[in-house]
Amino acid sequence: MKSALRKLGPAASTVLSLGALLVLWEILARLAQIDGFPPATEALVQVPLILGERESLASIGASLWRMFLGGALALCFAVPVGLAMGRNKRIAQALNPVLTAAYPIPKAALMPIIMLWFGVGDLSKVLVIFLGVSLPLIYHSFHGAHAVDEKLLWSAMAMGMKPVARLFKVVLPSALPDVLLGCRVGLAMALIVMISSEMIARQSGAGDLLFNALDMALYGDVYAMIVILAAIGFVLDWVFERVRRRLVHWAESRQDAMVPGGGV
Amino acid sequence: DVPTIRVGWTIPAEEAKYWMMRRPDAFPDLGKKYKIEWVQFQGTAPMVQAMLSGALDCSSQAPLSLGQGAAASDLKAYILAQHVGEKPGSFSVYWAVPEDSPIKSIADLKGKTVGVNVYGSGVHGGMAMLLKKNGIDPEKDIKLVETGFPGSEAALRGGRVDVGVFVQPFASRAEAKGGVRKLFALSDLMPNTVHVMEVCKKDWVDANVETAKLYTRDMTAAMKMALDNRDETIKVVSEVTRAPAAALEPYLLKANDFAHDPTMKPDFAAVQTMFDMYTELGMIKKPLKVDQFRRDDVVAPVK
Amino acid sequence: MSASNIFAGERLRGTAASVLPLAVILLAWEAVCRAGLVAPTLLPAPSVVLLRWIALLPDPDFLHHVAQTMIRLLSGFAIALAAGVSIGLLASRGGGGLLEPVIRVLAPIPKIALYPAFVLIFGFDHASKIALVVADAVFPILLATFHGARSVEPKLLWSAWAAGASRRATIFTVVLPSALPSILTGCKIALLISCVTVFLAEMISSTDGLGHLLIRSARSFRIVDMFVPLVTISTIGLLLNAALVAVRNRLLVGHGNHR
Amino acid sequence: MSEPMIAIQGLTKRFSTADGRRHLAIDDVNVEVAEGEFVSILGPSGCGKSTLLYMVGGFVAPSSGAITVQGRPVTGPGPDRGPVFQEFALFPWKTVLENVMYGLRQQGVSKAEAEARARALLDMVHLKDFADFYPKELSGGMRQRVAIARTLAYQPQILLMDEPFGALDAHTRTVLQNELLGIWERDRKTVLFVTHGVDEAVFLSDRVVVMTRAPGRIKKVVEIDLPRPRVRAELLVNRRYQEYIVELEQLIEDVHLEAAGA
Amino acid sequence: MSEPMIAIQGLTKRFSTADGRRHLAIDDVNVEVAEGEFVSILGPSGCGKSTLLYMVGGFVAPSSGAITVQGRPVTGPGPDRGPVFQEFALFPWKTVLENVMYGLRQQGVSKAEAEARARALLDMVHLKDFADFYPKELSGGMRQRVAIARTLAYQPQILLMDEPFGALDAHTRTVLQNELLGIWERDRKTVLFVTHGVDEAVFLSDRVVVMTRAPGRIKKVVEIDLPRPRVRAELLVNRRYQEYIVELEQLIEDVHLEAAGA
Ligand SMILES: Nc1ncnc2c1ncn2[C@@H]1O[C@H](COP(=O)(O)OP(=O)(O)OP(=O)(O)O)[C@@H](O)[C@H]1O
Ligand SMILES: Nc1ncnc2c1ncn2[C@@H]1O[C@H](COP(=O)(O)OP(=O)(O)OP(=O)(O)O)[C@@H](O)[C@H]1O
Ligand SMILES: [Mg+2]
Ligand SMILES: [Mg+2]
C-alpha cells in the first residue's frame, strides 16, 4: 500500500487526499443536516459564480494586496527583531514581555482604537495583518537564532565580522530553516487575519464577502469563500515550498537513506 | 473640490443607502456637490466608536446604541432620517417556537433556553421588558443564548434553543419552510418602534450644514425610488447583500417587511419611548431627551 | 564581591530589562491620556484601568468570567497540543504525502467562518468555543512538529535504529526530543493564538467569559470596563507563557544552546 | 570455508550533488569478512570509507552491488551491526549515562542492569566522573569515547567503527585499543574498522584493506599474520610488524602517487 | 626579550554544568608565546586544550587570569587570530569555495582576487575538484581541510589550530604539515597548535607544552631544539628528534599515571 502510494507520486497523492477530504465533507454534511454546514457540492457550485463576478474578484484582489503589504512589512520587521532577540539576551528580556502581553489581545476588539490612529481604511487592516504575521515570524526566528551553532559565529567573529553583519550573514542563513517555518505558519496566519480584520469594519475585500454571506445566512457562499481561500492558501503554500527548498537545500539531510521516512 | 462624507452602513435594512451606493448616477448632487466614502460595519456599536474616534461622520444607528453612546461617551449627534421601524401592520421582530412545542405563551418560558440576536441589544431589551411584564425574570428564569439572527432558525430547528428570534429575510425563509409558530413579537410591547436611523455627528453637521441637507435630501429621494421601483430595489439589495432575488422577493418592501416611510421622517416620539424603556431596564445609564438629537433644518424631509 | 552576589546582580538587571520596556509603554500611554491627547471615552489611562481591574479582581462574578475563559482556553490548547504533535509526527513519517495537502488546505482557512457550524454541532456552551480554539491553535503546533521531526539529524536516527530501537520507539526517544525545541516554539505561538481565539469566540457569541464582558461593556460604551478584560487576557497570556518557559527550561537542559 | 559474516559484491555508490552532478564515491568494491575477523580499512581522505560503512550498516542504499550479512541481504539497520560514527552522533538531550544506556534500554534490559553496565563501560573509557554531563559539555575526545561506549554497551555482533580513536591522545588510544581487542577476543566479534593510523591497523587487524583515492576501489588487501594475543611492547620489536607497516605506508604512498600521476 | 605575542597569566576556567555543579576545566595556566613562535599543546583528552584556545581566541571569557595579545588584553575575537576548530564549523549554506572566500570578502578583498586565492588554497589542500560542493556532501577529512583553508585564506597573524590534521590520512597529513611549515616560515606567523601526535608536535614546534589531566595545568614545557628548515626524512634519523619523542611520550605517560595514582 505504502509503496504503491509512493509510486503514485506527489501529484497523485495530493489529488487523492484532497478528493478524500471533499468526499468526507460531503458525507458529514449530508449526515449532519445542519444549515450552517452545507455539503461540498452546494458550496462548490457557488465558486464559479463568485469568481465570475468582476466585483468579487476585485475584492479578493484588494484583500490579497493588503495581505501582501502586511506580510512584507512583517518580514522586514519581525525577522530582524526575532533574530536579535535570539542572539541577545537583553533584547529578548526586553521585548518578550511586551510581545507576550500584546499578542493575546484580540485586534478586533481594538479596532475602534486602531481606527482612531489609522482610520477605517486599508492602513488599519494592513497593520492588523502585520501584527498577526509577525507573531510566528518573531518566535521562529528567535528560536532559530537561539540555536545557531556558536562556533559558526565564532568563525565569523574571527574574520572580523561586526555584530549587525553577523546577524544577517551568519545568524539569518543559519536560522533560515526556522525563519522559513515561521513564514509558513505566517502565511496561514496572514490569510486568517486578512479575513478576520474585515469582520468589524468592512471595506471591499474577501472577508467582507464572507462575513456578509454569514450575516445573510448564505452558507453556500460562506463555504464557497472558504474553498476559494483554501485554494489560495494551497497555491501560495505550494509556491512557498518551492522557494523554501531552493533556499535551504543545504540543510536537507543526506540523501539515499535506506530507511523509509528516515530523516528525509 | 467637493466635501466627502464618511458614512458607515450595515446590512440588511438600509435600502436608501444601498441605492445611493449602487445607483449613484440617479442622484444629481451625489458625486458632484459632495462625495461619500462608504464603510461597512458589523453592528451599530462599533460605528458609535468610529464616530467618536473621528473615523466616521455619519452612520446607521439604533436608538439603543445612539442612547448608550450619548449617555456613556457623550456622543453628540443628530438624527437625520429613519430607515426602518415598526408600525401597526408592519413586520415586527418576533420570537417563535417549533410547531409542536409545548410552549404556548410567554409564561411557559420559565426554565427554557431563549435565543436572542445579541446580548444587550435593543431587541434583547424589548424582549426583557416583555418578559418582565409577563412575570418572567429575564435574568434568572430563562437561559439566554446568543444565536444571532442568521443562525436563529438553525438553532431552533436543531433543538439548540427552545425559542428563536426572527427578522427578515430569515423570517420569511423560515415561514416558507414551515414548522415554526410565532410566540410573541416586539409589537406586543409597543406599536411603534424605530430600528435603524441615519445619525451624523453634531460637530460635523454644524460645520457642514449644506452638505448634510444634500445628504438627507438625496437619501429621501433614494427611499422614494426604492419604494417606487421594487424590482430594481430587489436587484440593488441583492447586489449589496448577495442574497439571491428569490430570497428577497417574498417580503422586501411588502406588508411583511419593516415599515418604510417614504419621507424618512424620524419618529422622535417612538425614539423617546424607547430611550425611556432602556433607561428603566438599566441599559442606558441616565435619562435622555430625544430633542438633543434634533436639528430641524437637516432632518428628513428637508425642504 | 562573592559569586552569589554577582548572580543576584545579574538577575536583578535581567528583571529590570524585562520590566522596563513594558513600564515605559505604560507610562507613555498614561502621559498621552493625562495630556488630554486622546479622549478618555476612547482610551482610558492605564492607571484608571488598573484601579478598576484591581477593584474587580476579588469580585466572584468577574472571576466566574475569567474561569470560563480559562477553561475554554486551556482545554482547547491541550487538545490542540495533543492533536498537533501526533498529526505532525504522523505526517513527517509515513503519511506525509497524504496528510500534507490536507494540512496545506486547512491551515489557511479562517476558522472564524466555521464558528456558526461549530455552534450548531457543539452547542452554545464550552464545546463550540473549545473547538474554535483547537482549530486555530492546532496548525502552528502541527507545522512546528512536522518541521522539527523532519530535520532530525539522520545519524541520530541511525544510531537509534542500530541500537535496536523499533520505529515506534525512535519516534518517542529520538524524533520527539529532537523536535522538542521547535515544538515548544510552536506551542508558544499557539498559546497566544488560543488567547485571541477564545476571546473572539466569546465576543461573537457568548453569555459569559472575558470576550463577552468586553462586548457587553463596549455596547454600553463603558470604556474602562472594556479595557479590564483586555488587561486580563493579556495577563493570562503572560502567566501562561511564563509557565511554558519554565517547562521549556526543564525540558531542554541538554539541547545545544538552549539554556 | 564457511559462509562469510559480511559479503560485499560489486558495490558502487553514486551521489547526486546539489549542483546536479553525479559523483562516484565507491566503485565496484568486493570484500568478504569472516566471522570473528578484524578487518581494517585504510585509505585517503574522501575515498569512501565512511560511505562503505554506512552501506554495511544499512543506513544508505548502494547504487549497485550487493551486501549480505550472515547470508541475508542488508535492507536496513539492525542491532547486529553497531556503528561508531565519525561525528559521534550523541543524543544531545540525554546525559552521558543515558546515552550509553539507550541501546540496552531499547533491547528491554532493566533500568538497573542497564545503568550498571553503562557505568562499567564509562569506567572503561575513563569517563565515570562525567556520567551526568550533557554532550555539549564534553570535549571532542570525551564525546568520541561516549560514542564508543554507547555502541559497545548493547553488544552488537558486528562493530562498524569509523576512526573511533581519531580524537584521542596516544595514551588513551592505546588503552582503548587494548580494551577493544580484549572485547573482540572474548566475544568473538566481527569488526570493520576505519582508521588513518597504519600502526593501529596492523596492531589490531587480521586483514587490512587499502583503498584508492576517490572513486574508492580496493587497492590491495594485506593479511596481517602476527600472533595473538598481541602485546604492543612485543610487537614494537617484531620485524614482521615493522615490515607490515612499511608495506602499508608504501601502498598508501602509491595510492597518492597514482592519482597524482593520472 | 621583546614583548611576547601572546601572554597568558594565571588563567583559570570554570564551567557551570547543567546539573548546577561547577566544573574546573583549566587551573592557573601561565604561558608566553613569542612572535613567530610555533608552540604545540599536548595533553590528555578533556584536559582543556580547546578551552585554552577559545580563550586566546577571545570566544570564551576566562574565570580568572589574564590573556594579552601583542600587549593588549583580549576582549573578543579579531582577525589577527584565526581559529581552526576541532569541529570544523563550516558554513553549511555556502559551498566549499564560498566558505574559503568568506573571510577574504569580509576584509574587503575583491571577489575575483578572493576567488583566485581561495582556489589556490583549495588546490593546496587537494580539494580543487570539490569547490562547488556543500559541506554536507564532504567526508570528515575533506571538511577539516576546508576549515584549514578557510582560516589560512585571510592570513591571520596568529593561528589557533585545534587538532587540525586529526581526521586526515598519513600522507595528506604530511603534505599539509609541510605546507603549514612553509607558510609559517614565509609569513612569520605565530602558531598555537593542539595535537595528539607527539611526532607531529616535535616535527613542527619550537616548544611543546604538555598539560596534565583535568583540571588542566601545565606539566612541562619542552623546548625543541632542532634545526630548521626541517625535513622529515632527515629528522627520522636524527637522534635528538627520537629523544624528544621519547621524552614527550614519557611525560604523557606520567601525566596519566599521576592521575591514576591520585
Ligand atoms: N551527500 C553526498 N553528496 C555528494 N557527495 C557525497 C555525499 N556524501 C559523501 N559524498 C562524497 O563521497 C566521497 C566519500 O565520502 P566518505 O565520507 O565516505 O569519505 P571517507 O573515506 O570517509 O573520508 P574521510 O577519511 O575524510 O572521512 C567523498 O568524495 C564525498 O565528497
Ligand atoms: N560548556 C561546558 N560546560 C561544562 N563543562 C565543559 C564545557 N565545555 C567544556 N567543558 C569541560 O572542560 C574540560 C575541557 O574541555 P576541552 O574541550 O577544552 O578539552 P580538550 O583538551 O580540548 O579535549 P579533547 O582532546 O578531547 O578535545 C572537559 O572536562 C569538559 O568536560
Ligand atoms: Mg569518513
Ligand atoms: Mg578539544
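Student: Which ligand 1 atom does the polar side-chain atom of Ser50(D) lie 2.6 Å from?
Tutor: In this predicted model, that side-chain atom of Ser50(D) lies 2.6 Å from an oxygen atom of ligand 1. Thr51(D) also places a polar side-chain atom 2.5 Å from an oxygen atom of ligand 1. From Cys47(D), a backbone N or O atom lies 3.2 Å from an oxygen atom of the ligand.

Student: And how much of ligand 1 does the protein bury?
Tutor: The protein buries 99% of the 640 Å² that ligand 1 exposes when taken alone.

Student: Which elements give two or more residues to that shell?
Tutor: They are strand 2 (22–33) and helix 1 (49–57) of chain D, together with helix 4 (140–153) of chain E. The ligand itself lies between chains A, D and E.

Student: What is the shell like by class?
Tutor: It has 13 polar, seven nonpolar and four charged residues.

Student: Changing topic: what is the strand order in the open sheet of chain B?
Tutor: The order of its three strands is 8-5-9, with antiparallel pairing. Strand 8 (164–166) and strand 9 (180–185) are the edge strands, each pairing on one side only.

Student: How many bridges join strand 5 to strand 8 there?
Tutor: Three bridges join these antiparallel strands of chain B. Within strand 8 of chain B, Gly164(B) stands opposite Ala96(B).

Student: Which strands does helix 4 of chain B touch?
Tutor: Helix 4 (residues 122–133) packs on the sheet and touches strand 5, strand 8 and strand 9 of chain B. Its direction makes about 80 degrees with that of strand 9. Helix 6 (residues 170–177) of chain B also packs on the sheet, with its direction at about 115 degrees to that of strand 8.

Technical notes: Residues are numbered from 1 along each chain as its sequence is written. Chains are lettered from A and ligands numbered from 1 in the order in which they are written. This is a predicted model: local features need pLDDT of at least 70, side-chain atom pairs count only at pLDDT 80 or more; totals for chains, interfaces and linings use all residues. Side-chain values use heavy atoms; hydrogens and water are left out. A residue is near a molecule or strand if one of its heavy atoms lies within 4 Å of it. A polar contact is a pair of N or O atoms within 3.5 Å; within protein, one must be able to donate a hydrogen and the other to accept it, and residues adjacent in sequence count only if both atoms are side-chain atoms. Accessible areas come from the Shrake-Rupley method with a 1.4 Å probe; for residues, only the protein chains shown count as cover. Helices (H or I, at least four residues) and strands (E, at least two) are DSSP runs, numbered from the N terminus. Ala, Val, Leu, Ile, Met, Phe, Trp, Tyr, Cys and Pro count as nonpolar, Asp, Glu, Lys and Arg as charged, and the others, Gly among them, as polar. Two strands pair if DSSP finds at least two bridges between them. Contact means heavy atoms within 4.5 Å. Axes are lines fitted to C-alpha atoms, for helices over the stretch in contact, and angles run from 0 to 180 degrees between N-to-C directions.
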